[in-house]
Amino acid sequence: MKMTKAKRVRLIYNIVTFALVIGAFIILQSMIANKTISRSLKGQLVPICCWIVMAVSLNLVIGISGELSLGHAGFMSVGAYTGAVVSGALLNIWDIQDTTLRLVIAIAAGGILAGIVGALIGIPVLRLRGDYLAIVTLAFGEIIRSLVNVLYIGAGDGKLHFSFLNKELPEGVTMLVDGAKGAVKIKPISTFAAGFILILITLVVVLNLVNSRAGRAIKACRDNRIAAESMGVNVTKYKMMAFVTAAVLAGMAGALYGLNSSTVVPTQFTFNQSINVLVFVVLGGLGNVLGSIVSATLLTVLPEVLRAFADYRMLVYAVVLILVMIFTNNPTIRAFVNRLISPFRKKDSVGGEAR
Amino acid sequence: MIFLDNLINGLSLGSIYAIIALGYTMVYGIAKMLNFAHGDVIMIGAYIAFCGLQYWGLPPVVAILVAMAVCTLLGVTIEGLAYRPLRQAASLAVLITAIGMSYLLQNIALMIWGANPKSFPRTFINNSILRLGGLSMSSATVFTILTNIVVMVVLNLFISHTKLGKAMRCVSEDRGAAELMGIKVNRTISATFAIGSALAAIAGVLLCSSYPILQPTTGSMPGIKAFTAAVFGGIGSIPGAMLGGVLLGVIEIFGKAYISTELGDALVFAVLIVVLLVKPTGLLGKPVREKV
Amino acid sequence: MSQQKRRSGTKMVTLPSHSIVPERDVNEIPVLETRHLGIEFGGLKAVDDFNLTIGKTEIAGLIGPNGAGKTTVFNLITKVYEPTTGATLINGHDLSGKSITQASKLGIARTFQNIRLFDNMTVEENVRIGLHNQIKYDMFSGMLRLPRYWIQENRQHDKALELLHIFDMEKLADERAGSLPYGVQRRLEIVRALATNPKLLLLDEPAAGMNPRETEELMENIAKIRDQFQIAILLIEHDMNLVMGVCEGICVLNFGRVIAKGTADEIQANPVVIEAYLGKKKEGQA
């Protein structure tokens with residue numbers, strides 16, 4: 001492949017991203033082997049992986065595709081529930097003891113179902129623009145939460161039993177999903193290695209997508225919808241592609257997250273959780289995948305490390321959201337910042353960010 | 001009778017939505033932004049009124065006026081500090097800022113008043129039961145509906161007959177042209193936020209009079225639903241906010257009564273989605289053409 | 001002047017529909033044919049009964065006073081607006097009910113009066129979006145970096161640079177489109193439009209904001225593009241030197257209606273056109 005300056009910058013950016021993730025994994029694994037890792041950090045490893053995948057996938061929607069989705073936690077909840085049910089069914093019905101196999105199938109199923117839900121939501125929603133799209137994705141997130149709140153699933157007699165609104169399951173079934181109590185009696189089978197592999201998959205998918213024909217089409221729709229249409233780009237198709245890909249990844253992260261604990265409750269995946277992920281994305285930089293990874297990690301670890309900070313976490317997040325937006329979008333402030341840093345920059349180069 | 005009961009409850013809830021929706025619709029019409037924090041201004045208004053009644057021993061009317069004053073100030077401050085610097089920015093940036101502001105207000109409330117729900121005191125608004133034929137209803141219901149009607153009439157007169165009202169209409173039609181005509185756009189937008197926030201305080205008191213549990217998240221759900229109502233009626237249209245709010249309230253109460261209590265919220269959002277798909281400009285909204 | 005020569009060298013022929021096309025295109029299907037095209041915005045007829053035929057390799061001009069409906073005509077042809085009356089044919093294909101994207105695939109490309117580039121993407125990427133439907137591979141080849149990805153990406157890259165060469169812009173390939181000077185952005189829009197391999201290129205005020213020297217250059221380039229790609233070009237322009245210099249057939253629009261059609265000489269001599277631009281002579285004044 002012929003190398004231009006832009007491509008070289010992009011290649012370096014991708015290498016750094018992958019190197020960072022793989023390096024961190026190796027260091028943490030050796031710490032686990034040496035038992036030098038703190039107990040609280042060890043417990044955080046899988047959730048960190050999940051939040052990284054959530055942040056990177058939401059960045060695909062917000063940063064690359066330019067649509068504000070406020071229902072990302074909804075897809076995570078679909079994945080978490082699906083993962084819990086599939087894993088429970090595999091254990092209780094088909095008696096599959098191999099945890100790795102169960103985990104892989106559960107994560108795949110979580111991704112697929114979240115993708116289907118994403119497609120169903122995307123078809124109507126992506127016709128809308130801007131603020132409307134944001135509010136409708138929020139609405140869908142809340143609808144998903146309301147629905148799982150009245151969902152009952154049990155495993156028994158070699159099959160799954162479903163009931164909705166009222167708990168009407170046969171006697172003696174093993175409850176997998178119990179309405180407002182959520183998904184119960186989950187056997188935790190998630191591993192850090194699985195989380196690491198999921199991050200790698202996410203990075204390969206997202207980074208390769210961004211630097212391809214489809215990715216350029218997605219970015220073109222973001223920058224100027226009418227111009228993209230006039231160039232023969234099918235805007236709905238590419239918006240949909242970004243949205244569904246992100247939903248699949250969020251579903252997989254959700255399955256991993258759900259299978260990391262013994263219960264999953266609907267209130268874990270509220271609008272607040274979507275905002276959390278939004279903060280990761282905004283703080284890491286819209287369209288900047290590496291930034292999402294770093295901010296998701298730091299913002300998950302910090303509250304644990306700094307207990308005092310934990311109380312004010314949401315307050316600080318709110319202020320951060322506002323300040324980052326004002327600083328990056330106000331022309332006067334931006335010009336001022338550019339003047340400050342311009343002596344340190346050789347030339348206005350093509351950004352290494354994936355945007 | 002049960003049907004009538006539900007209808008009146010629906011109208012009452014819808015009236016609250018309508019008053020909140022006014023704040024959304026006016027701001028959207030004039031500043032072309034979705035003020036996500038509007039629902040939380042309601043919550044702050046309710047807390048201020050609560051403090052006035054509970055701690056400061058103010059008479060109810062004064063407490064409400066204080067709440068309105070604080071909210072007005074709050075609305076103008078939010079606009080000036082957070083939204084004005086982003087006047088030319090992409091809608092994505094403005095929306096994220098508004099979400100941040102919503103969070104900020106909730107967390108400030110959490111720090112001041114704590115997470116424990118407060119029970120909103122009884123006032124003249126909700127301390128009696130009215131009987132009408134075989135119907136009995138809380139006075140809050142009647143008050144809410146009446147307030148809604150008064151607000152609508154006054155606001156319509158204001159928009160069509162005062163100088164500021166006309167300026168608002170100009171800015172909403174074409175900000176650039178309004179500026180060239182000597183209208184102070186920033187001041188007009190501030191005034192819009194002031195009016196919307198004062199109405200939010202009223203809505204907060206009415207909301208807590210009917211549903212007397214007050215906590216930092218009290219405003220978010222009604223806020224989102226009221227936005228739904230504004231979209232339903234046609235965002236930017238004041239009669240639309242009224243119609244959308246009332247209809248949505250009725251739909252919600254009937255949905256909860258006849259379909260399922262748990263799925264009431266889901267039903268409201270389903271309405272939003274259907275409306276946006278079938279008629280994205282809402283019931284009374286004007287179609288907008290993108291200039292190419 | 002070379003432009004003068006080129007224009008007067010074209011013989012225009014009148015079709016049975018009273019439209020004129022260059023003599024060399026007379027045996028070809030016209031690239032564009034609009035029939036009684038019209039659109040109403042809330043009762044106001046922005047464009048009414050618009051008939052225009054453009055030959056396969058014609059350079060045509062659409063002129064008229066401000067607010068005459070010129071850009072609306074472009075928006076109708078490119079399907080940004082669905083017409084209330086009439087139809088548009090591209091190479092004999094009816095555009096009724098088609099989307100903007102489908103119109104592009106049938107061979108219409110355009111530039112915009114208020115430039116619409118993909119500001120956050122590089123110059124090369126902008127051109128590659130134009131190539132979107134020319135050099136393809138599926139999403140999975142892209143995600144998994146299959147051999148097809150590399151082959152097609154290289155083809156896109158070469159083609160993009162080749163197209164940028166028209167305006168000597170290869171060196172700018174890695175610049176962010178939004179950071180380019182105004183005139184360069186206008187040229188990039190033309191390159192991007194050409195990348196879609198159009199049969200008809202619509203240019204909306206291509207010389208706006210250019211100095212006379214740049215306009216002169218643009219004029220040369222418009223003719224060069226037509227000769228090289230053998231396509232038809234329809235342009236909206238207020239710079240009469242450019243219009244009269246490069247356009248073969250000219251259509252004048254006022255208040256949404258065609259008031260005159262003809263060659264540059266005919267248009268310049270047409271009293272109705274002069275009236276539309278300069279206003280009616282009052283009686284008694286001479």
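This is a predicted model: local features need pLDDT of at least 70, side-chain atom pairs count only at pLDDT 80 or more; totals for chains, interfaces and linings use all residues.
Residues are numbered from 1 along each chain as its sequence is written, and chains are lettered from A in the order in which they are written.

**View 1. Overall fold of chain B.** Chain B comprises 11 helices and four strands, taken as DSSP runs (helices H or I, at least four residues; strands E, at least two) numbered from the N terminus. Its radius of gyration is 19 Å, close to the 19 Å that the globule rule gives for 292 residues, so chain B is as compact as a globular protein of that length. Here the radius is taken over C-alpha atoms, and the rule is 2.2 Å times the number of residues to the power 0.38.

**View 2. Helix α5 of chain B.** This helix (residues 139–161) has 23 residues and reaches 33 Å from its first C-alpha to its last. Its buried residues (20 or more other C-beta atoms within 10 Å of their own, placed from the backbone) include F143(B), I145(B) and N148(B).

**View 3. The two domains of chain C.** Domain 1 spans 2–107 + 198–278 and domain 2 spans 120–195, with bounds from an automatic or database domain assignment. In chain C, 11 residues of domain 1 are in contact with nine residues of domain 2, contact being C-beta atoms, placed from the backbone, within 7 Å. On the side of domain 1 that touches domain 2, α8(C) gives the largest share, four residues.

Methods
The expected span of a helix is 1.5 Å times one less than its number of residues. A residue is buried if 20 or more other C-beta atoms lie within 10 Å of its own, exposed if 12 or fewer, and partly exposed in between; C-beta atoms are placed from the backbone. Two residues are in contact if their C-beta atoms, placed from the backbone, lie within 7 Å.
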